[in-house]
Amino acid sequence: MASLNARQRDPLLDQRTQALLERRGRELLGIGLLLLAGFFLMLLATYSPEDPGWMVATDEPARNAMGRVGAAIASTLIVIGGLGSWGIPVVIAAWGVRFVIHRGSERAMSRLVFAVIAVAMGSVFAATHVPPPDWPHAAVGLGGLFGDTVLGAILTVLPVGTGFGLRFLSLGFGLGLVAMMLFVTGFDRRELLAIGVFLLRGLVVAYAGALSLTGRGARGAVRAAHGLREAQ
């Protein structure tokens, strides 16, 4: 009898309260992801090759904004992944925003598993470019050890010259990186279509504004010419 009464007892929380708690939990998770993205962003932005890390043994204080831990993580990411490591805070921040605004957060598990591929493609794409003079690592390129190794392996099997192969791979990996980043950050066809429509409308409005300004300028020039003739 007691078990029957227990089954008929009302649940501790009704469906509305459970949905509200789940919604707030997703928002808190999103805020946590945004904080984590900010952590990675700061440690990468304040990276210094002189900071203590797995390749640098020093007792000097770390210049990294995230301290010695941030310096060690940044050194590992930059040396191994190069500029492709910047994809990590981008992906984390994108999903943080999605969880906060409740847009596409249900696609997180099926998309985030491919984030490693997106970051790797970013490293290889960065490796196809010549490092600037202020690049702190002479032994590795912009793609880090991973990007340089993968790029070198692909170039050895391509049946074309190195110059053409680099341009071809740069274009291919660049397009692939954009597509992969859009995928791992949760964009679907509807969102991409909405972005495309927004950009198209913006282009049309900007073009109309330019034509309007050009027309006003032309009318002003005509008036000035007439005034100059009358003055003469």
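Predicted model: local features only at pLDDT ≥ 70, side-chain atom pairs only at ≥ 80, totals over all residues.
Modeller: Residues are numbered from 1 along each chain as its sequence is written, and side-chain values use heavy atoms, without hydrogens and water.

Biologist: Why is α2 called roughly antiparallel to α4?

Modeller: The axes of α2 (residues 15-45) and α4 (residues 87-101) cross at roughly 160° and come within 7 Å. Angles over 145 degrees count as roughly antiparallel, so α2 is roughly antiparallel to α4. The angles run from 0 to 180 degrees between N-to-C directions.

Biologist: Which residues of α2 meet α4, and what makes a contact?

Modeller: Contact means heavy atoms within 4.5 Å. Among them, L33, L36, A37 and F40 in α2 meet residues of α4 including I92, W95 and F99. The contact of α2 with α4 holds 17 nonpolar, 2 polar and 2 charged residues; Gly counts as polar here.

Biologist: What makes a set of residues a nonpolar core?

Modeller: Its members are buried Ala, Val, Leu, Ile, Met, Phe, Trp, Tyr and Cys residues joined through side-chain atoms within 4.5 Å, where buried means under 20% relative accessible area with a 1.4 Å probe, protein chains only. The largest such core has 16 residues, of which V91, M181 and V184 touch the most other members. α8 (162-184) is one of the helices that each supply at least two residues, and α8 gives the most, with 6 residues.

Biologist: Which residues does V184 contact beyond its neighbours within four places in sequence?

Modeller: V184 is in contact with V91, W95, R111, L112, F114, A115 and A118.

Terms used: Helix = DSSP H or I, 4+ residues; strand = E, 2+ residues; numbered from the N terminus. Parallel < 35°, antiparallel > 145°, perpendicular 65-115°, else oblique. Buried < 20%, exposed > 50% of the residue type's maximum accessible area, 1.4 Å probe, protein only.
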